[in-house]
Amino acid sequence: MRKSCSTLLACMMALTSLFASEATASGKHKHAARTERGAAKIYTVQTPRVRHRCFPGKLRGILSHIARQVGRRPLVTSGHRSAGRRGSLHRKCLAADIRVPGVSVKRIVAAARSAPAIGGIGTYCNGIVHVDVGPRRSWHYCRGLARLARRARFATR
C-alpha cells in the first residue's frame, strides 16, 4: 500500500511539473512557479516584481509546509521590500505575504501555525496572510477597511 501511494505521488508530481513547465514555456500561465538552484517549486509569485529570491531556507520551509498542508502552492504577493514600516521583517527579506486561491484564510493560518520555525502570523481583511521567521506573535489588521465601512454607514444616514 505504501509503495503504491509513493508511486502515485511521484507520478502526480511529475505531471504537475510537466504542465507547469509547458505553461511557462508557452507564456500562457500568468503566475509561473519560481525555482532557485534546483529547489522544488514550493510557491508562485503574483507578479515578476515580487522580490523573493532572498528568502532564507527557514521561510521557504514554512511556505513548503503550508503547501503540503493545504494541497496547493501559496501565491506570494509581497516579499522583500525596502520601503515600509521601520523594523518590518519584509525589509530584511524574512517575511512573505501570501494567499492560497481556493483555500480559506483559517486553513492557511492553521497550516502556518504548525510549521516549524514559524515566527509571526498576521491576517488582513483582504485575505492576505503574513508569515515570517521572526519572534512568535500573531495579529489581525483590518483598520483601513473598518474605517471605510464606518464612512459608508454615516453616508447612508
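The structure is a predicted model, in which local features need pLDDT of at least 70 and side-chain atom pairs count only at pLDDT 80 or more, whereas totals for chains, interfaces and linings use all residues. Residues are numbered from 1 along each chain as its sequence is written, and side-chain values use heavy atoms, with hydrogens and water left out. The chain averages a pLDDT of 79, and 66% of the residues score at least 70, pLDDT being the predictor's confidence in each residue on a scale from 0 to 100. Over residues 17-39 the pLDDT stays under 50, and for this stretch the model has 26 contacts beyond four places in sequence, a contact meaning heavy atoms within 4.5 Å. Where pLDDT is low, the predicted coordinates should not be read in detail.

Four helices and six strands are found in the chain, where helices (H or I, at least four residues) and strands (E, at least two) are DSSP runs numbered from the N terminus. Read from the N terminus on, these elements follow the order α-β-α-β-β-α-β-β-β-α. Of the 157 residues in the chain, 34% are buried, a term that denotes under 20% relative accessible area, with exposed denoting over 50% and partly exposed the range in between (1.4 Å probe, protein chains only). Among contacts in the chain with a separation of 6 or more, 47% are accounted for by residues 24 or more positions apart.

When a disulfide is taken as a pair of cysteine sulfur atoms within 2.5 Å, the count comes to two disulfides, and with the bonded cysteines numbered in sequence order the pairing is 1-2, 3-4. Cys-54 lies in the loop between strand S1 (44-45) and helix H2 (57-70), and Cys-93 in the loop between strand S2 (75-78) and strand S3 (95-99), so the pair ties together parts that are 39 residues apart in sequence. The torsion about the S-S bond of Cys-54 and Cys-93 is about 85°, and the disulfide is therefore right-handed. Cys-54 counts as partly exposed at 40% relative accessibility, whereas Cys-93, at 4%, counts as buried.

A disulfide is also formed by Cys-125 and Cys-142, with their sulfur atoms 1.4 Å apart. This pair links distant parts of the chain, with Cys-125 in the loop between strand S4 (120-124) and strand S5 (129-132) and Cys-142 in the loop between strand S6 (137-141) and helix H4 (143-156), 17 residues apart. Because the torsion about the S-S bond of Cys-125 and Cys-142 is about -125°, the disulfide is left-handed. Cys-125 is partly exposed at 34% relative accessibility, and Cys-142 is partly exposed with a relative accessible area of 26%.

The largest nonpolar core has 26 residues, of which Phe-55, Ile-66, Val-76, Ile-98 and Val-131 touch the most other members; such a core is a set of buried Ala, Val, Leu, Ile, Met, Phe, Trp, Tyr and Cys residues joined through side-chain atoms within 4.5 Å. At least two residues of this core are supplied by each of H2, S3, helix H3 (105-113) and S5, and the largest share, five residues, comes from H2. With residues up to four places away in sequence not counted, Phe-55 touches residues including Tyr-43, Leu-63, Val-76 and Cys-93.

Helix H2 has 14 residues and reaches 20 Å from its first C-alpha to its last, close to the 20 Å expected at 1.5 Å a residue, the expected span being 1.5 Å times one less than the number of residues. Among the buried residues of H2 are Leu-59, Ile-62, Leu-63, Ile-66 and Val-70, and the buried residues of this helix pack against S2, S3, H3 and S5. Just after H2, Gly-71 takes a positive phi of about 85°.

Two serine residues complete the description. Ser-78, in strand S2, is buried with a relative accessible area of 14%, and its side chain makes a polar contact (2.4 Å) with the side chain of Arg-81. A polar contact is a pair of N or O atoms within 3.5 Å; within protein, one must be able to donate a hydrogen and the other to accept it, and residues adjacent in sequence count only if both atoms are side-chain atoms. Ser-88, in the loop between S2 and S3, counts as buried at 8% relative accessibility, and a polar atom of the side chain of Ser-88 lies 3.1 Å from the backbone nitrogen of His-90.
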